[in-house]
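Here are my notes on the model, as numbered points. Please read them with the structure open.

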Amino acid sequence: MSKKSQKKSSKTPSGTTAAKKKASKTRAATQTKSAKTQRTPASKSTGSIAKAASHGAASKQLNSSRSAPASAARQVLAEGQKAPAFRLPRDGGGAVTLSDYAGRKLVLFFYPRADTPGCTREAIDFTRLADAFAAAGTAVIGISADSLKAQEKFRDKHSLGIPLISDEKHEMLEAYGAWGEKSMYGKSFLGILRTTVLVGSDGKVARIWRNVRVDGHADQVLEAATSL
């Protein structure tokens, strides 16, 4: 055998071994990569499911927290309850509070808007009976969400002799149940519900008139105040 043949012969086994090792490594790498590829979707899928479940729970809690206030029944002022305190600006300047009338009877009439037909008749009727209310130990106040400027213009135009107070933020209106849903021409909206409340000298609500009809109303309230 020649020296060249011997050299080739001696290299062949080692070359074959190296090729086998290389093939083995390639297969191992391929299997590992394949295994990782198979695991990855499952891992991502599990993560996605977990995230989706978590998001669903959060949404449910959020919706629940949002709907809770809407579903909660709002407490409505009732006869016999203590009259809610208030402090609001009045026509002519200054402020009016419930405590200003402690120990006296007080009529609070809530009207939708100054200088509209029904509200004007109602305010004129209470002004007409102002002396009779005073004789019965009863003060009278008109309340709406109009600005002070609008209240003063209303007072001057119709020579009204009763205090008019402005509740532009609707705080007193809501406390006394005079703010709520109304409808007109098939459309619903929030606004002032014509309401009158008679507060006794003990500071408790003696009578409530809701959805007031203006004609004859002031006389009915006077009768109730006189008999209280």
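1. Where is the place of Asn211? Asn211 lies in the loop between strand 9 (205–210) and helix 6 (217–227). Helices (H or I, at least four residues) and strands (E, at least two) are DSSP runs, numbered from the N terminus.

2. A word on the basis. This is a predicted model: local features need pLDDT of at least 70, side-chain atom pairs count only at pLDDT 80 or more, and totals for chains, interfaces and linings use all residues. Residues are numbered from 1 along each chain as its sequence is written, and side-chain values use heavy atoms, with hydrogens and water left out.

3. Backbone points to check. Phi of Asn211 is near 50 degrees, a positive value in a residue other than glycine. Most residues other than glycine have a negative phi. Asn211 is exposed, with a relative accessible area of 63%. Buried means under 20% relative accessible area, exposed over 50%, partly exposed in between (1.4 Å probe, protein chains only). Ser159 also has a positive phi, near 50 degrees. Ser159 sits in the loop between helix 4 (148–158) and strand 5 (164–166). Its relative accessible area is 61%, so Ser159 is exposed.

4. The largest nonpolar core has 24 residues. Such a core is a set of buried Ala, Val, Leu, Ile, Met, Phe, Trp, Tyr and Cys residues joined through side-chain atoms within 4.5 Å. Those with the most contacts inside it are Phe86, Leu106, Leu108, Phe110, Met172 and Tyr176. Two or more residues each come from strand 3 (105–110), strand 4 (138–144), helix 5 (171–175), strand 8 (195–199) and strand 9. A second, separate core has 22 residues, including Ala114, Phe126, Phe154 and Leu198.

5. Met172 deserves a look. Neighbours within four places in sequence aside, Met172 is in contact (heavy atoms within 4.5 Å) with Phe86, Leu88, Leu108, Phe110, Ile143, Ile165 and Asp167.

6. Now helix 2. The buried residues of helix 2 include Gly118, Cys119, Ala123 and Phe126. Its buried residues pack against strand 3, helix 3 (130–135), strand 4, helix 4, strand 8 and helix 6.

7. Next, the pairing of helix 2 with helix 6. Their axes come within 8 Å and cross at roughly 40 degrees. Axes are lines fitted to C-alpha atoms, for helices over the stretch in contact, and angles run from 0 to 180 degrees between N-to-C directions. The contact is made by Glu122, Asp125, Phe126 and Arg128 of helix 2 and His217, Ala218, Asp219 and Val221 of helix 6.
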